Amino acid sequence: MGIHHTGNAEIDQQHSILENMVEQLASFCSESTPLSQPVCAHCPPGRQTECGNSLASLTGELSAFLIGHATYEEKMMELLPDTPVCQAHIKAHKAAHEGIARQLKRLALQVQSEPPYEASLFLQKLTGEWLGNHSSLFDNRLVRLGKTEAPEIDFDAELVVMLDQHVFPNRPTTGSRTEAAATQRQRVEIVGRFESLTPSQRKVFWLVVNGRKNAEIAEELGISVNTVKTHRSVIFQKFEVSSVVELLQKTDILRQANDKQRKAPLSRR
């Protein structure tokens, strides 16, 4: 996996975090060796369950972070002018984001049915190849979209060139960035978790974090209390929290991310 360095501090930091997350998969199974691959069926059932849960959690983190990464880039792309070249780039870039999101969604289901070690290898290959070559898994589709006939596209580098040309030529460089990687990872991941909610779930989300009770939310939105409870359960699951207090802590980070982006704030509708 050859990570791309675009020269944009934010994008490069996100790539670095993703690279570290993918590298975690290389040591996912403590029983693996360079000469032999473990067979999950030989492990005790309890160990298999533990590995499956760990892999499912990591898959969720990767999915959320990639959604956050895509959200950041697509908000930047909204700043580009309405020219044929820029719009073609936006169309193809979004197609690549949608492609990896679909594959990770399918993989999340595979993780539940396949041996954890085999699933971890596939997850590592899928995400590593996507990160190393942003379009390697989607070349055929992108060619049909009319983007290019080249076998490889470094979308993020191309995006940075366009932004430098049309929007902010004095954007920060990687060397000037001081934000801690852990904080950056958490912020992008939480944005991704929010973006994974449906419009209806987002309405419930904002009312929950504003202290509204289920019955009040149901009355305001014109839905049943059971529907509110279902949305609330999905929200807690996607944010991996068990209480409103924990959700509020992540909401603070979400709002900070929204303030940081300034352009095209996250919708509450």
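Trainee: How much accessible surface does the protein chain have, and what share belongs to carbon and sulfur atoms?
Mentor: The accessible surface is about 14000 Å², and carbon and sulfur atoms hold 51% of that. Such areas come from the Shrake-Rupley method with a 1.4 Å probe; for residues, only the protein chains shown count as cover. This is a predicted model, where local features need pLDDT of at least 70 and side-chain atom pairs count only at pLDDT 80 or more, while totals for chains, interfaces and linings use all residues. Residues are numbered from 1 along each chain as its sequence is written, and side-chain values use heavy atoms, leaving out hydrogens and water.

Trainee: What makes H9 roughly perpendicular to H10?
Mentor: Helix H9 (residues 214–221) and helix H10 (residues 225–239) pack at an angle of about 110°. Angles of 65 to 115 degrees count as roughly perpendicular, under 35 as roughly parallel, over 145 as roughly antiparallel, and the rest as oblique. Therefore H9 is called roughly perpendicular to H10.

Trainee: Which residues of H9 make the contact?
Mentor: Asn214, Ala215, Ile217 and Ala218 of H9 meet Val225, Val228, Lys229 and Arg232 of H10, where contact means heavy atoms within 4.5 Å.

Trainee: Which element of the protein chain has the highest mean pLDDT, and which the lowest?
Mentor: H9 has the highest, 94, and helix H5 (residues 139–144) the lowest, 41. pLDDT is the predictor's confidence in each residue, from 0 to 100. Over residues 135–151 pLDDT stays under 50, and over residues 263–269 it is also below 50.

Methods. Axes are lines fitted to C-alpha atoms, for helices over the stretch in contact, and angles run from 0 to 180 degrees between N-to-C directions. Helices (H or I, at least four residues) and strands (E, at least two) are DSSP runs, numbered from the N terminus.
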